[in-house]
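User: I have a structure to go through, and I would like to know what stands behind the terms used for it. Please set each value against its definition.

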Amino acid sequence: MVDLNLNSLQVSEDGRISFSGLGSGIDFEAAVDGIIAAKRVPIDRLEAKIETNQSKLTALQTVRSLTVGLQESLQSLHGAVSFDQSTDLFAAKQAFASASREDGGGASSPANLMGVAVTSNAASGTHTIELLQTARAHRIGSASFNGLDSDIGTARGQAAESISGDIEIAGATIPVLATDTLPDLVDRINNANSGDDATGVSASIVSTSETEHFLVLTADETGQTIGTDIALNDPNSILEDLGVLTSGGASFANELQSAQKARFHADGLLDGANYSSVAQADSVTALGEAGTLTFNDTSGALIGTLVYSATDTMDDIAAAIAGDGTLSAAGISASVSADGTGSTLQISGSSSFNIEDSSGLISALGVAKDDLVIERSSNTVSDLFDGVTLTLFQAEVGTTISVDVERDLSNVKTGIANFITSYNELRQELNFQLNVDPTSGAPDEDAVLFGNSALEEMDRRLEAIVGGGADGVSSAFSVLAQIGIDFIANGDLEDPTLRDTLELNEEQLDEALLNNLDDVQKLFQFDFAASDPRVVLLGFDGNSTHSAAGYTMDIDYDEGGGAINSLTMSDGAATADGNTITIDSGGAKGLRLFYSGDTDLSGVTLDFTVGVGAKLFFDIGEILEADGGVIASEADSLTGQNELAEERTVSMLDRLERERESVLNKFIRMEAALASMNQTLAQVRQITEAMFQDR
């Protein structure tokens with residue numbers, strides 16, 4: 001009986017079955033595996049190299065991600081140019097509001113009267129606002145309806161289904177069906193107030209009881225009047241039947257709220273067309289002054305004169321001005337108004353004018369220009385002060401709201417702190433990859449990029465910029481340490497990855513931001529100035545270098561063509577496209593400028609300083625470049641090595657598999673031959689044994 005070990009069963013590619021060692025007793029499968037394993041050593045080395053390179057690529061991606069984070073932290077710190085200054089952290093503003101009253105009364109909280117929002121375009125300074133009235137939407141109502149489920153004719157107490165036809169709002173025809181209920185009509189009016197041709201009028205229902213309901217029409221925009229600013233037509237007298245219009249459609253039957261514009265005083269602006277005196281005890285007492293009032297237009301040209309005597313009263317002065325034909329022809333009039341505080345002389349004109357007095361009448365009466373009343377249709381005012389949006393909530397006459405617009409120092413500080421954090425995260429990763437353990441003298445086993453030339457170059461470049469400081473700035477604010485950002489003391493560290501990271505002295509930074517914000521800004525940013533304000537900066541890159549003498553430029557302007565003809569630089573060369581200038585070479589290379597003038601310009605000086613943030617931002621940009629940057633180049637090299645190694649591995653594995661098959665076949669043939677020989681030997685033995693048995 002023959003024992004079979006199924007583990008030695010072999011099936012070739014052509015389906016042939018054999019047993020390893022069945023004839024020879026040798027486990028040739030194990031022998032072949034041993035031979036192949038010995039020959040596979042070069043492949044194992046290649047696969048190990050691929051795995052190591054992949055680990056390096058993963059670590060390199062981590063470094064790249066941290067480098068991108070550092071550049072992003074400098075995005076709003078390096079001085080990027082934008083139309084609205086939104087890319088400049090140092091231009092960010094914040095607003096604070098306070099309220100006061102001259103009469104000594106208690107002012108409401110400014111937050112209850114007005115909201116303030118500012119952008120980077122807002123100028124630093126203080127604005128004052130006095131809200132006289134807020135804008136209101138026009139609102140009209142109908143007569144009452146006794147139900148919401150019956151048709152509007154029945155609900156109005158008229159014959160069932162008696163009201164039908166069309167109404168027109170802002171040119172849109174809105175059909176009213178005889179079967180419509182009040183909610184149906186409201187839906188149809190609101191459906192017309194949608195899309196590109198919206199009517200601007202919304203409808204709603206106000207229910208005061210179960211049997212009393214009202215249709216209310218409201219203008220969507222404050223300050224607009226339905227029927228005037230928004231066309232309203234009633235060709236079939238539907239609005240009359242609903243009680244919105246009076247008989248004949250002459251007027252509104254129920255005007256719930258008239259439209260009004262927002263009105264306010266701002267920044268002490270005066271109205272040159274309106275003058276008022278201080279309130280006097282009465283208007284009939286002789287003023288005791290004699291002289292001449294002279295009225296001039298704003299250019300100084302004479303409009304007219306008025307002679308007054310010592311016996312004239314305030315009423316006499318008002319009557320004389322109002323009755324003067326020359327002044328009346330120029331639109332100037334006067335009147336006296338009286339209230340509980342006394343009598344006031346008011347002088348008004350159709351346009352601005354000035355009053356001069358040869359004596360003391362104007363001074364005695366305290367006549368002065370009125371505060372200018374500014375009007376807006378909306379309670380959201382964004383065109384009063386550049387970069388400031390006011391939201392008007394509630395008027396309070398006599399209360400002055402002061403709005404202080406300041407640079408947002410907390411935002412700047414947060415941005416600087418984010419830069420420090422991002423720099424330290426990258427620095428720690430570089431330290432981990434490049435440094436040896438101070439105790440063992442060997443790198444960490446996971447520091448797969450130890451000795452990597454790309455990282456060593458990054459390490460040198462970053463440290464040189466951060467430690468080197470800004471160019472062209474004040475010597476008192478030329479390096480980060482002077483505003484409280486310094487390298488950590490390496491000698492006291494327990495964690496070696498913290499070597500050369502940055503630490504922040506908050507008190508020193510706060511003091512610098514409060515007292516020397518412009519210097520801190522220049523320490524970080526690229527700061528440009530031209531001797532002619534018509535030359536402005538559009539953009540820059542990391543190629544521009546500071547010059548203490550600056551750079552001069554001459555512009556040859558083609559007035560007929562409306563574009564720059566040619567440019568001459570004191571250093572390098574520049575080209576123009578229309579009025580846009582690009583400096584192509586020299587120390588100012590990389591500047592993009594715009595010239596808003598329309599004549600030749602000679603000897604304009606270009607000055608700029610280059611801050612740490614600007615240097616670092618563009619240097620990181622070079623490091624991160626997809627084509628030629630040190631990180632990309634290193635990654636491309638490792639990827640190329642892996643691709644080549646993988647190709648070689650595939651080729652060597654294919655060759656090794658063919659060799660294994662060949663050796664295996666030789667063993668199989670040997671086994672077959674041995675098996676045949678053994679069978680022949682067995683037959684001979686049987687024959688021999690049989691021969692001897694017969695004897």
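Analyst: Helix α2 (residues 41–73) packs against helix α14 (residues 612–624) at an angle of about 150°, and their axes are 9 Å apart. This is a predicted model, in which local features need pLDDT of at least 70 and side-chain atom pairs count only at pLDDT 80 or more, while totals for chains, interfaces and linings use all residues. Residues are numbered from 1 along each chain as its sequence is written, and side-chain values use heavy atoms, with hydrogens and water left out.

User: Why is α2 called roughly antiparallel to α14?

Analyst: The angle between α2 and α14 is about 150°. Angles over 145 degrees count as roughly antiparallel, under 35 as roughly parallel, 65 to 115 as roughly perpendicular and the rest as oblique, so α2 is roughly antiparallel to α14. The axes are lines fitted to C-alpha atoms, for helices over the stretch in contact, and the angles run from 0 to 180 degrees between N-to-C directions. Helices themselves are DSSP runs (H or I, at least four residues), as are strands (E, at least two), numbered from the N terminus.

User: Which residues of α2 and α14 meet?

Analyst: R64, T67, V68, L70 and Q71 of α2 meet L616, F617, I620, G621, I623 and L624 of α14, where contact means heavy atoms within 4.5 Å. The residues of this contact comprise seven nonpolar, three polar and one charged. Here Ala, Val, Leu, Ile, Met, Phe, Trp, Tyr, Cys and Pro count as nonpolar, Asp, Glu, Lys and Arg as charged, and the others, Gly among them, as polar.

User: How do you know whether Q71 is buried or exposed?

Analyst: Q71, in helix α2, has a relative accessible area of 18%. Buried means under 20%, exposed over 50% and partly exposed in between (1.4 Å probe, protein chains only), so Q71 is buried. Leaving aside neighbours within four places in sequence, Q71 is in contact with F617, I620, G621 and L624. A polar atom of the Q71 side chain lies 3.1 Å from the backbone oxygen of F617.

User: What makes α11 roughly antiparallel to α14?

Analyst: Helix α11 (residues 453–468) and α14 pack at an angle of about 165°, with axes 9 Å apart. That angle makes α11 roughly antiparallel to α14. On the α11 side, M458, R461, L462, I465 and V466 make the contact, and on the α14 side V612, K615, L616, D619, I620, E622 and I623 do. These residues divide into eight nonpolar, no polar and four charged.

User: Why is K261 called partly exposed?

Analyst: K261 has a relative accessibility of 38%, so K261 counts as partly exposed. The loop between β12 (254–257) and β13 (262–266) holds K261. Not counting residues up to four places away in sequence, K261 touches Q133, T134, A135, G223, E375, R376 and S377. From K261 to N379 the C-alpha distance is 8.2 Å, across 118 residues of sequence.

How values were computed:
Polar contact = N/O pair within 3.5 Å; in protein donor to acceptor, adjacent residues only side chain to side chain.
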